[in-house]
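Here are my notes after a pass through the model you sent over.

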Amino acid sequence: MHTLITEIRDKQNITKEQLQLLLETDNQEMIEELMVCARTEAQKVYGNKVYMRGLIEFTNYCKNNCIYCGIRRDNCHVDRYRLTKDQILDCCQSGYRLGFRTFVLQGGEDPFYTDDLICEIVSEIKHQHPDCAITLSIGEKSRQAYERYFSAGAERYLLRHETADKAHYEKLHPKEMSFDNRIRCLHDLKEIGYQTGCGFMVGSPYQTVDTLYEDLCLIKELEPEMCGIGPFIPQADTPFGKEAAGTLEMTLRLLSIIRLIHPTVLLPATTALGTIHPLGREKGILAGANVVMPNLSPVGVRKKYLLYDNKICTGEEASECCGCMMRRMQGIGYEVVVDRGDHPLYDKKR
């Protein structure tokens with residue numbers, strides 16, 4: 001047992017057979033060893049620090065029709081909204097006062113926000129808060145668009161690949177969406193110089209050990225600065241509305257494995273993890289994660305950005321979310337820090 005886990009740690013790699021064993025074993029001693037080892041590796045790089053990112057969900061319009069997503073184009077039950085530039089800046093101002101030094105602008109692929117408008121918003125945030133990092137999570141764009149956002153001041157980009165297996169991808173997305181284009185985007189982002197984030201759902205329909213192994217291979221190949229994984233949670237008004245959700249246990253195991261094969265990665269304990277278990281985010285940190293993302297969006301729109309059902313923290317003010325998160329992390333012996341929380345190798349790459 002110990003040899004298996006130390007071999008994965010020392011080689012920073014995993015075989016498909018090792019992955020299957022770790023995902024299927026009932027040996028709780030082995031799983032505890034896995035999580036302790038992952039936690040130790042995270043602490044070697046980041047100490048007991050947990051980085052907070054201020055999440056601003058600025059639009060729930062989306063031109064895409066992803067089968068699993070609650071804000072998919074064809075979901076007529078969604079109460080759609082868009083934040084104005086001034087509303088987004090107000091969210092940043094509020095977050096800055098609370099100590100946030102990273103803002104994550106996340107939304108559906110909404111054509112209303114042209115490249116010019118995105119650049120205008122990013123530039124103004126950077127002007128008002130030059131000591132802050134700006135992360136975009138707005139989907140697939142052209143390389144030229146990514147270059148423009150980068151020049152405007154965006155330094156990070158999150159684009160979850162959802163699955164690295166093409167056949168699996170095509171079961172989760174409509175025909176007009178392209179697996180090859182999603183992967184192209186990730187490589188473009190890396191080449192441009194972004195701190196790049198990929199990621200996948202745990203327990204999505206049709207997922208197997210083979211598809212999960214492909215996800216881990218992509219992470220090894222891409223070497224993302226960030227990796228966001230969380231359990232699949234069904235949304236009632238989607239074609240997958242009656243599918244089973246991903247589990248806490250499987251997500252925690254995969255968080256630990258990702259930490260061992262890619263020790264420097266910035267790894268969030270996601271809101272979805274907190275949704276499926278009251279202590280999900282704490283358990284994620286103790287499994288090797290080191291990022292949390294409290295919500296800075298206006299309370300009035302939070303319940304409208306429902307990618308999945310029963311999402312937590314939709315009724316709290318930003319200050320309440322921030323204070324709650326700090327207390328939660330302190331309760332498990334971690335320090336929430338207010339700096340930008342860059343990837344440790346980022347300055348060297350710049």
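1. Let me start with a loop. Gln12 lies in the loop between α1 (2-11) and α2 (16-24), where helices (H or I, at least four residues) and strands (E, at least two) are DSSP runs, numbered from the N terminus. Gln12 has a positive phi of about 50° although it is not a glycine. At 34% relative accessibility, Gln12 is partly exposed; buried means under 20% relative accessible area, exposed over 50%, and partly exposed in between (1.4 Å probe, protein chains only).

2. Ground rules before going further. This is a predicted model, in which local features need pLDDT of at least 70 and side-chain atom pairs count only at pLDDT 80 or more, while totals for chains, interfaces and linings use all residues. Residues are numbered from 1 along each chain as its sequence is written, and side-chain values use heavy atoms, with hydrogens and water left out.

3. There is another non-glycine with positive phi: Asn310, at about 65°. Asn310 sits in the loop between α13 (299-302) and α14 (318-331), and is exposed, with a relative accessible area of 66%.

4. On to the rings. The structure holds nine aromatic pairs; rings of Phe, Tyr and Trp (its six-membered ring) pair if their centres lie within 6.5 Å, with planes under 30 degrees apart stacked, over 60 edge-to-face and the rest tilted. Phe58 and Tyr113 make an edge-to-face pair, 4.8 Å centre to centre with 90° between the planes. Phe58 lies in strand β2 (residues 54-59) and Tyr113 in the loop between β3 (102-107) and α5 (115-128), so the pair ties together parts that are 55 residues apart in sequence. Phe58 is buried at 2% relative accessible area, and Tyr113 is buried too, at 5%. Elsewhere, Tyr146, Phe150, Tyr157 and Tyr194 form one aromatic cluster.

5. Which residues line the second largest cavity? Phe58 and Tyr113 turn up again, together with Thr59, Gly108, Asp110, Ile118, Ile138 and Lys141. A cavity here is a set of points on a 1 Å grid over the protein atoms alone where a 1.4 Å probe fits but cannot get out, and lining residues have an atom within 4 Å of a point. The volume is about 50 Å³, taken as the space filled by probe spheres set on the points, which are joined across faces, edges and corners. The structure holds three cavities of 30 Å³ or more.

6. Now strand β6 (residues 195-198). Both faces are covered: Gln195 and Gly197 on one side and Thr196 and Cys198 on the other are all buried. Three bridges join β5 (residues 156-158) to β6 in parallel; two strands pair if DSSP finds at least two bridges between them. Leu158 stands opposite Gly197. Two bridges join β6 to β8 (residues 226-227), also parallel, with Cys227 as the bridge partner of Cys198.

7. Finally, an open sheet of three strands runs in the order β10-β1-β11, with parallel pairing. Its edge strands are β10 (291-292) and β11 (335-337), each pairing on one side only. Two bridges link β1 (residues 49-52) and β10, and Met52 stands opposite Val292.

Key. On a 1 Å grid over the protein atoms alone, a cavity is a set of points where a 1.4 Å probe fits but cannot get out, and a pocket is an open set with protein on both sides within 12 Å along at least five of seven lines; lining residues have an atom within 4 Å of a point.
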